[in-house]
Amino acid sequence: MSSTRAAQRYSKRSQEPEYVRTKVKDSFASRDSDPAEKSRNSGSSTVLETQLQESHLYSNHFKISDYASPCTFRLVDCGALVNEGVLRILEFADSPRGTYAAISYTWRGVSLDSVSYGREFAVDGVGEADPIAVEALLHACTAALLRECPYLWMDRLCIIQTSPEDEDWHITRMHRIYSDCKLCIVVPGGMRHLVSIDQETFWIHRSWTLLEAIAPSEVMVLLQWTLGPGIGLSHSAVIEEVVPCKSMMMPLAPLLEAAAVGYMIFLPQSQDHPAQPITLQVSIFGTLPSRPSDGDIPFWRQQHKFVAPHVHALAMVLASRSSIEERGFTIWQSAFLRTCARPVDLVLSVMGLFGVSLDPSAFGEDDRRGALIALAREVLEAGGSASWLGAAASLESDLYMSIFPTLPQASNAGAALVRHKGRLCEVEEVVGPPVRLHDRATPFPRGCMDETGCLTFTARYIRLRSVDVDDWGPDPYATAVDHSRWVSTSESEEVHGSSPGGSPVYGAFLGAFEERSPGTTLALNRDVVRLMVLEETSPDYFFLRTYLCMSWNELENARAWPEREFCAGGLEPKTKTAIASGHQVLGHEVGRDYRTICAMLANSLPDRGLDITSSATPCRLRLIDCEAFTERGILRLLEFTDFPMVPYSAISYPWRGVPADTASVGPRFSVAGAEDADPVGIDVLQHACVASLIRNCPYLWMDRLCIMQTNRADRNWQIRHMYRVYKSCALCIVVPGGIQRLVRLDEETSWIHRSWTLQEALAPPAAIVLFSWELGWGETSVSRSPALVREVVPGQSAIAPLTAILEACVVGFLSFIPSAIGLPLHGVAELRVIASVFSSPESHSRPGSADAKAAPSRRLLSPNVVALSIAMDPILTVEPDVRAHAAWQSALMRTSSRPVDMVFSIMGLFGVTLDPSAFHKDDRRAATIALAQAILKSGQSASWLGAAFTLKPDRCLSTFPMFPRTSVSGMALVQTEFGGMREVSELVDHVGYPNSRILEPLPKGTMDDAGSFRFATHAIKIVAAEAGQSTVFEAVDRSHWTQDENSCSAESSLSVYAALLGFFDKYYPGVTPAYGKDNIRVMVLEEYRTGIFHLRTYFCMGVGDRDTVLGWPAREFCVGGRDTLGSLSPQLIAVHVPFSDEDIAIGTSSPIARSGLTAMLEEETRLDAEGALPQRGLERLRRDVLQSHGDEFFVWTGPPSLD
């Protein structure tokens, strides 16, 4: 609740200010008679003394220029103001260190129409500032006296505002003024009135307040307050009452922590009030509660306030007092988020924090670059480091000084604004969570800087090559913060065009970083090692283009890189001219290379539909303007002449999704040429555009709207470039239930069963899920690492990482900890929300069949979900075979409307581009052969082997399993010999990934046009086992085999071989189960013509047999199929399933045994999932609780009965 509302619960206390006057007089009675105190004050002289009752103080501007001597130190006499009502300014020969408090405030504060400011006066020379309210000044002086500070320093009163000489003198000593003070009093709302803890201010956005918060030994925040003294329980802060029922002060650091989470739990400690905790909203530093009420500003533009990077950055500065390197970096990190009235003040306000004193008169008010260069040179010459590097990595580099980011625009009031990618926005919208140096970080580069801002330094480096989007393959790459992609290359390798512009590019090692939030330490993530991407614009001269992030396990490799010297500065004058004229420089598309082909009002679409046939040009990429759709209600489509370099997101969804109730969904519209698909929900498109904007992607790609559905040439061109579309995007937004409506996490969808969605999930650098959600912000985890559940439209939708939702569906529930803003609440138990959006009911009958269960239980450890989780695991997929094998596993459990799309939808994942027009829509086998040939020709392994080894091999392509039946919607199904349709994922067991570190990698080889795969591996000859024989291998098709003891003798009959495939680990989130008796997989190859084999089945061996299989002799095989390609129908009619209905239902009769640990993990998963609750029920409970609290601020922490 707000502090004002909370006060109404208690009786009013006396508001007689005599309490404070008496206390202050008693406190300082001894000081007046103290000889030492009199001696200290003897060096002062009264500059001006004005009675607060005198009318001329309010009718004229207050000024001291007629009485003060320039370049001297002045203070306000607090006792005279509080006890006598006299504003007395004293002038000192030197700073009376430790006897005064200093005020930190904004010259233009918060204006409230409903507040009566009372008596106030202006100061001569600062007409652009708010007047000073006498009451606010009285509160500040009272706070100073309570801390035994008889004097107060306030720039507006103690500097001759009409004297440039005096201003410059004080600016050069500003750091000393605040470091010498005994106490700094922060008045965040300005000096016109005090603000309450739940009112937003801009104090933290202003440049000078950074120095004022860091330099003093103690910093207290002065606020309007009516609740009396007490303790902030959630942040261990003592709240001291200043004027009873009017004001209080509390330490800055705990208040920052409270602002980061959006609330504070206050426990009153007054004899007049019961000790009952109160939850108070905290928005004082620009953070918002979970439901902002300002309807004038779109919610997506306020989302950065939930993460509050400016709050976290300042908190890091206050916490980093040990390491000089770390403190310098955090200071720059906070400084780059701020603004000021004069551009040069950004530098002058922080110079003292680095021990530098520049002459303000040497720089013009707008000469920020000159002052910045001067400061950097002083720091480096004193032996300091370039600690500003990477402090604002998300901002574009300054064209004139690339080692610094583009700095915010100067302004007299408000938050810091910066121009980013052509749009003026708040800095916090662009930057991510602040980071700090890791304990194992190396020092920042040291070097020298010339007068033009060119930094010469030595760093470890690697050579980088820009990834050509036309040639993207399965090789790993790194994405820079400007969305460019890079791969490393050797120095000796011939590199043609390291950058898109053809210039050499180097990755210079900067350091290791970790995210820190107030009171917490987040686990290390992939973005922990940072490189500077340096592009050589002329011989030995570089431009810092952007920053690149690498995983933690690359740190030791980076420390072993060679060293070289770099000279990094701005662009040459001719290059700057090229940018201004709209040419392509440094790989950025800065010219106008698009045109608008559609601009329709969203509310007209349901009646008219969408048809871009007449306005679009075939074979072009098109994007949706998210801002136009969300803010102006206009569907604006842009058509680009080439793939743009602008950041955009791409939607992944099934064409036929979850059915929508026409009475409950909003307006929808159809698209010409795609009438067989679900109509597009305007609300869903709105949510997707907002999610894109939240992630700093101004454009959105959606196949239904961005492809000419009526033009075959455009469709084929788009299919051929589909991998490029998703690989080029900055973000994939998964809408699992389709685009008619958003679904909850506990609703089943067909997204994971559709073929195209596999590529759409794996190709982009990042993927999130957009879903219906009313439980607010919170935290979940991915393999025990934290992940954020972030609201998109308050009370309607949210986004979370795809990896987090996949893992939740693997175990059956999402572990969710509610929060007020964006960080976990203290002491709140997790909620377990049922998660089945990517999994299926545990039923072996399809819905609608006669034997379908009425209420099937949820399926855990679903193979199709596990396979995709493996493919997206950043640690496992360091090995290429793991990702490729998992991709095949996932693909073989999917379906599509056209059989050939099962190949086209995954070819890009292997770096292959086939011509769609070369294949009939039903010719899946021919397309599969073409894909496999291209994979093997590129040197990759036959990663499809064993991807679904419990299914019978295909009769034409036996190295592949039988293909599922295709359908326009739903799941991948097969018709078994036992009758009835079965979902393929129900028949696939023991999903795992290859581990080449224990055995050999998957085989490589060649494939002919008939689909025969030629390769070599370890093998022995086997024969069918007879009853009573030892060393019998039981295959997955129930056949039994033993080694042929006469394998060395010549035989005229056709042979059968056991051929090694590889070693496979099982997958479980966050755990690697112990090795068992089924980790080694072996192929049973049956010779049907001399020298020609088909893959009949598989069997497994244990880890103890490793040396045995490695001792088998190597042999070459040619494996094809018994039937020719033209002899079978392209559609599958029946598949042999090796288990009966009972085997499938019970899950215990498989010849592949589970280890004890695996079975225990599965049982623990089932027990944990039993406690999960339906999302709809939790949302209903939350709505009821919030409704019962009315307009009060309330933090919902879950149902109280969960324990």
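**Reading the labels**

Guide: Let us start with His170, which is found in helix α8, residues 164-172, and bear in mind throughout that this is a predicted model.

Visitor: What makes His170 count as buried or exposed?
Guide: The word buried is kept for a relative accessible area under 20%, and because His170 has a relative accessibility of 0%, it counts as buried. Leaving aside residues up to four places away in sequence, His170 touches Thr72, Arg74, Trp153, Cys158, Ile159 and Ile177.

Visitor: How do you know which class Val487 belongs to, buried or exposed?
Guide: Val487 lies in strand β21, residues 485-489, and its relative accessible area is 13%. Since the cut-off for buried is under 20%, Val487 is called buried. The C-alpha atoms of Val487 and Ser466 are separated by 6.6 Å, although these two residues are 21 residues apart along the chain.

Visitor: And what is said of Leu745, and where is it found?
Guide: Leu745 is found in the loop between β34 (731-734) and α27 (756-762). Its relative accessible area is 1%, so Leu745 is buried by the rule of under 20%. Among the residues that Leu745 touches, not counting those up to four places away in sequence, are Phe771, Trp773, Ile805 and Gln1175. The C-alpha atoms of Leu745 and Ala808, 63 residues apart along the chain, are separated by 9.4 Å.

Visitor: Why is helix α14 described as largely enclosed?
Guide: Helix α14 covers residues 309-319, and ten of its eleven residues are buried, so α14 is largely enclosed by the rest of the structure. The buried residues of α14 include Pro309, His310, Val311 and Leu318.

Visitor: Why are α14 and α15 called roughly antiparallel?
Guide: The axes of α14 and helix α15, residues 324-335, come within 9 Å and cross at roughly 155°. Because angles over 145 degrees count as roughly antiparallel, α14 is roughly antiparallel to α15. The crossing in which α14 passes α15 is left-handed.

Visitor: Which residues meet where α14 and α15 touch, and of what class are they?
Guide: From α14 come Ala313, Leu314, Met316 and Val317, which meet Thr330, Ile331, Gln333 and Ser334 in α15. Sorted by class, this contact has five nonpolar, three polar and no charged residues.

Visitor: How do you know how α29 and α30 are arranged?
Guide: The axes of helix α29 (residues 863-872) and helix α30 (residues 880-891) come within 8 Å, and they cross at roughly 155°. With the limit set at over 145 degrees, α29 and α30 are therefore roughly antiparallel to each other. Here α29 passes α30 in a left-handed crossing.

Visitor: What makes up the contact of α29 with α30?
Guide: Asn864, Ala867, Leu868, Ile870 and Ala871 in α29 meet Val882, Arg883, Ala886, Ala887, Gln889 and Ser890 in α30. By class, the contact has seven nonpolar, three polar and one charged residues.

Visitor: What can be said of the chain as a whole, in helices, strands and buried residues?
Guide: The chain has 37 helices and 51 strands, and buried residues make up 59% of its 1203 residues. If we take the contacts between residues at least 6 apart in sequence, 72% of them join residues at least 24 apart. The accessible surface of the chain comes to about 46,100 Å², and 48% of that belongs to carbon and sulfur atoms.

How values were computed. Residues are numbered from 1 along each chain as its sequence is written. This is a predicted model: local features need pLDDT of at least 70, side-chain atom pairs count only at pLDDT 80 or more; totals for chains, interfaces and linings use all residues. Side-chain values use heavy atoms; hydrogens and water are left out. Buried means under 20% relative accessible area, exposed over 50%, partly exposed in between (1.4 Å probe, protein chains only). Helices (H or I, at least four residues) and strands (E, at least two) are DSSP runs, numbered from the N terminus. Contact means heavy atoms within 4.5 Å. Accessible areas come from the Shrake-Rupley method with a 1.4 Å probe; for residues, only the protein chains shown count as cover. Axes are lines fitted to C-alpha atoms, for helices over the stretch in contact, and angles run from 0 to 180 degrees between N-to-C directions. Angles under 35 degrees count as roughly parallel, over 145 as roughly antiparallel, 65 to 115 as roughly perpendicular and the rest as oblique. A crossing is left-handed if the near helix is turned anticlockwise from the far one by less than a right angle, and right-handed if clockwise. Ala, Val, Leu, Ile, Met, Phe, Trp, Tyr, Cys and Pro count as nonpolar, Asp, Glu, Lys and Arg as charged, and the others, Gly among them, as polar.
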